[in-house]
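Please look first at the sequence and the model as a whole, before turning to any single part. The account below is meant to be read with both at hand.

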Amino acid sequence: MPDRYAVFGNPIAHSRSPAIHAAFAAATGEDLCYEARLAAVDGFAAAIAEFIAAGGCGANVTVPFKEEAFRLSQRLSERAARAGAVNTLTFSKGEIAGDNTDGAGLVRDLVDNLAFPLAGRRILLLGAGGAARGVVVPLLAEGPASLDIANRSADKARQLAAACADLGCVQGGSFGELAGKSFDLVINATSASLVGDTLPLPAGLFAAKALAYDMMYGQGATPFLQWAKTAGAARQADGLGMLVEQAAEAFLLWRGRRPATAPVLRQLRAELGVSRQPTA
Ligand code: NDP
């Protein structure tokens, strides 16, 4: 019997994680199977318990269960503890261990795939939800000059910044408080465009040669990336690379080996009908 893994979410049918992990397993020769599992909104803990009882070795967790997965974890990595959110569970010797690979995936996509080193850069992170919380510690670990966090609910951004103030130069506030500032990297970690909204951002946010990065992805440029190009971002990148890299990080945790990501990323882009990073 192959070792069993799954991704839990609600909804989950759209998830690309089974295809990504199947490609990793094929490339590395690891004997595993990985499926997408829908959990009821009030049934996450029960779904995990059932999966463990059926021999599950590990799980990825997506919207809306990352905080519940954090609470369910009996042992947490430092990065998951700081994030207050878990996207990767490992079941071993009767224990549930929680980690968060989103930030490592983002950093690897930026630094390795996009050749955008973060040391000394001025970074703006838009959003203070689960995705934003998962990336703050790994971003600060790269030694940026500063990290500003801006969110619709400004208090959430301030709290997130305060919780990581010991790790670097980080501050939080509202979108309006960004007026007059400029950044080398602007990361969209909001879900505003899912509901058709644009963010009320001031002009002049992008410094020369700045990169706009949207954690969202889809066919072609996302609404945020389209806006970023008109607002002066020299480069734009979507979040498909982050998706593949966070999966590779989870695979490494579970199997002890890191799969090559470039072929899988190429394959996913081909399936989406975009052969390269979209330019707006
Ligand atoms: P959450 O629901 O936890 O957080 C949503 C965030 O978006 C909050 O900061 C919220 O602000 C903000 N927001 C929502 N609607 C609006 C709006 N209309 N105007 C302004 N701000 C808004 O979601 P996640 O953090 O889990 O996910 C955020 C995005 O990141 C999603 O698009 C998700 O698909 C993507 N993502 C991509 C990953 C990848 O691998 N590429 C991994 C993880 C996430 P407020 O606090 O005020 O409500």
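What follows goes from the domains to the loops and then to the packing of helices.

The model is predicted, so local features need pLDDT of at least 70 and side-chain atom pairs count only at pLDDT 80 or more, while totals for chains, interfaces and linings use all residues. Residues are numbered from 1 along each chain as its sequence is written, and side-chain values use heavy atoms, with hydrogens and water left out.

The chain is divided into domain 1 (3–100) and domain 2 (103–239), with bounds that come from an automatic or database domain assignment. The centres of domain 1 and domain 2, taken over C-alpha atoms, are separated by 26 Å. Seven residues from domain 1 and nine residues from domain 2 take part in the contact, where contact means heavy atoms within 4.5 Å. The size of an interface is often given as the accessible area lost when the parts come together. Between domain 1 and domain 2 the buried area is about 740 Å², and carbon and sulfur atoms give 47% of this; buried area is the accessible area (1.4 Å probe) that two parts lose on being put together, summed over both. On the side of domain 1, the residues that lose the most area to domain 2 are R79, R82 and A83, which together account for 62% of what that side buries.

Helices (H or I, at least four residues) and strands (E, at least two) are DSSP runs, numbered from the N terminus. In the loop between β1 (3–9) and α1 (17–28) lies P11, which a cis peptide bond with omega of about 5 degrees joins to N10. P64 has its place in the loop between β3 (56–61) and α3 (66–72), and a cis peptide bond joins V63 to P64, again with omega of about 5 degrees. K93, in the loop between β5 (88–92) and β6 (95–99), has a phi near 50 degrees, a positive value in a residue other than glycine.

Two packed helices are described by the angle between their axes and the distance between the axes. Here the axes are lines fitted to C-alpha atoms, for helices over the stretch in contact, and angles run from 0 to 180 degrees between N-to-C directions. Helix α5 (residues 102–113) and helix α6 (residues 130–141) have axes that come within 7 Å and cross at roughly 55 degrees. That makes α5 oblique to α6, since angles under 35 degrees count as roughly parallel, over 145 as roughly antiparallel, 65 to 115 as roughly perpendicular and the rest as oblique. In this pair, D102, G103, A104, L106, V107 and L110 of α5 meet G134, V135, P138 and L139 of α6.

The axes of α1 and α9 lie 10 Å apart, and these helices pack at an angle of about 55 degrees; α1 and α9 are therefore oblique to each other. Their contact is made by I20, H21, F24, A25 and T28 of α1 together with L243, V244, A247, A248, F251 and W254 of α9.

Helix α9 (residues 240–255) also packs with helix α10 (residues 262–272), at an angle of about 140 degrees and with axes 10 Å apart, which makes α9 oblique to α10. From α9 the contact takes L240, G241 and V244, and from α10 it takes V264, L265, L268, R269 and L272.
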